[in-house]
Amino acid sequence: MGRLQDQVALITGAAGGIGRATALRFAAEGAKLVLTDIDDTEGAQTLQQVQAVGAEVIYVHADVSRGEDCQAMVAAAETAFDGLHILFNNAGIMHPEDGDAMSTEEHIWDLTMAINLRGVYLGCKYGIPLMLKSGGGSIINTASFVALMGAATPQLAYTASKGGVLAMTRELAVIHARQNLRCNALCPGPLHTKMLMDFLDTEQKKQRRLVHIPMGRFGLATEMADAALYLASSESSYVNGTEFVVDGGITAAYVTPAD
Ligand code: NAD
């Protein structure tokens, strides 16, 4: 028996990084999967990889900033698997033109909020009714360690959107606590995924970030998948409303150790 045997899990942003790694991890533990993304080419790759491990899985194109798409992805879960137990609101963007208050254009702010924050709200708005109908379950919202501490490399819209995800997660956790529905935020540290490597596009920028990580390396998408698995499974049955930090010790550090 897998740790998620016969549980239905919906993952947004499943075409790459954390989403793909988590899809594979959940599949290996017996979950039935609804994968969604806007990148249908890479989404098809994830679908194939999950099918290859023998899991029941569908892929649905869904832009999380659009209510009708979120409604449709949840409807697809109901049609295919007749329920929903795990909702991983993971899709997000880090825009290259996101900077400080002076340099960030209003449309970059709006786009970031629409995907990173409104996307989580919409996932919950349409996902929670089916989860309640299915007897409850676990919601995991991907935030970030930057929601917990300021960074000298400014990404004002991104940071604010992730702070919103944390606040929303706490409130969801409290609202639904007596309905067998838990809600936690996953706060990854800097990861070796396409998102961050595109942003830190020179060796100098990468080194600038690595200096702040006590473990001296970027995290892996598979390490986030393991954390998501814990939050999704019944092993975390008394864990609710947390900022689940998986950051190699960044938020614990005042200074990092010398080599
Ligand atoms: P990634 O870029 O590999 O994956 C993000 C996925 O979201 C992509 O597949 C992308 O196509 C999808 N996406 C983008 N806009 C979308 C939309 N409107 N609707 C649906 N899907 C959309 O990056 P990742 O590192 O796997 O990021 C996953 C989550 O982790 C994000 O929320 C990100 O903010 C968060 N995070 C990442 C890091 C990091 O260092 N990479 C750190 C902390 C938090």
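These legends accompany close-up views of helix packing, salt bridges and backbone geometry in a predicted model. Residues are numbered from 1 along each chain as its sequence is written, and side-chain values use heavy atoms, with hydrogens and water left out. Because this is a predicted model, local features need pLDDT of at least 70 and side-chain atom pairs count only at pLDDT 80 or more, while totals for chains, interfaces and linings use all residues.

**View 1. Helix α3 packs against helix α4.** Here α3 (residues 67-81) and α4 (residues 106-133) meet at an angle of about 30 degrees, and their axes are 9 Å apart. That makes α3 roughly parallel to α4 (angles under 35 degrees count as roughly parallel, over 145 as roughly antiparallel, 65 to 115 as roughly perpendicular and the rest as oblique). Axes are lines fitted to C-alpha atoms, for helices over the stretch in contact, and angles run from 0 to 180 degrees between N-to-C directions. Helices (H or I, at least four residues) and strands (E, at least two) are DSSP runs, numbered from the N terminus. The crossing of α3 past α4 is right-handed, meaning that the near helix is turned clockwise from the far one by less than a right angle. On the α3 side look for G67, C70, Q71, M73, V74, A77 and E78, which meet R118, L122, G123, Y126, G127, L130 and K133 of α4; contact means heavy atoms within 4.5 Å. By class, the contact of α3 with α4 has seven nonpolar, four polar and three charged residues (Ala, Val, Leu, Ile, Met, Phe, Trp, Tyr, Cys and Pro count as nonpolar, Asp, Glu, Lys and Arg as charged, and the others, Gly among them, as polar).

**View 2. Helix α4 also packs against α5.** The two axes come within 7 Å and cross at roughly 20 degrees, so α4 and α5 are roughly parallel to each other. This crossing, too, is right-handed. Among the α4 residues in the contact are W109, M113 and L117, and the α5 residues include Y158, V165 and L172. The contact of α4 with α5 divides into 14 nonpolar, four polar and one charged residue.

**View 3. R25 and E29 form a salt bridge.** A salt bridge is a side-chain nitrogen of Lys or Arg within 4 Å of a carboxyl oxygen of Asp or Glu, and the whole structure has 11. In this one, the closest N and O atoms are 3.2 Å apart. R25 is partly exposed at 25% relative accessible area, whereas E29 is buried at 13% (buried means under 20% relative accessible area, exposed over 50%, partly exposed in between, with a 1.4 Å probe and protein chains only). A network of salt bridges links R25, E29 and D226.

**View 4. E243 and R170 pair across the chain.** Their side chains meet in a salt bridge of 2.6 Å, N to O. E243 belongs to strand β7 (residues 243-246) and R170 to helix α5 (residues 156-175), 73 residues apart. Both ends are partly exposed: E243 at 33% and R170 at 39%.

**View 5. K194 and D198 pair within helix α6.** Their N to O distance is 2.6 Å. Because K194 and D198 are four residues apart in α6 (residues 194-199), about one helical turn separates them. K194 is exposed at 61%, and D198 is partly exposed at 45%.

**View 6. N180 has a positive phi without being a glycine.** Its phi is near 60 degrees. N180 lies in the loop between α5 and β6 (181-188) and is exposed, at 57% relative accessibility.
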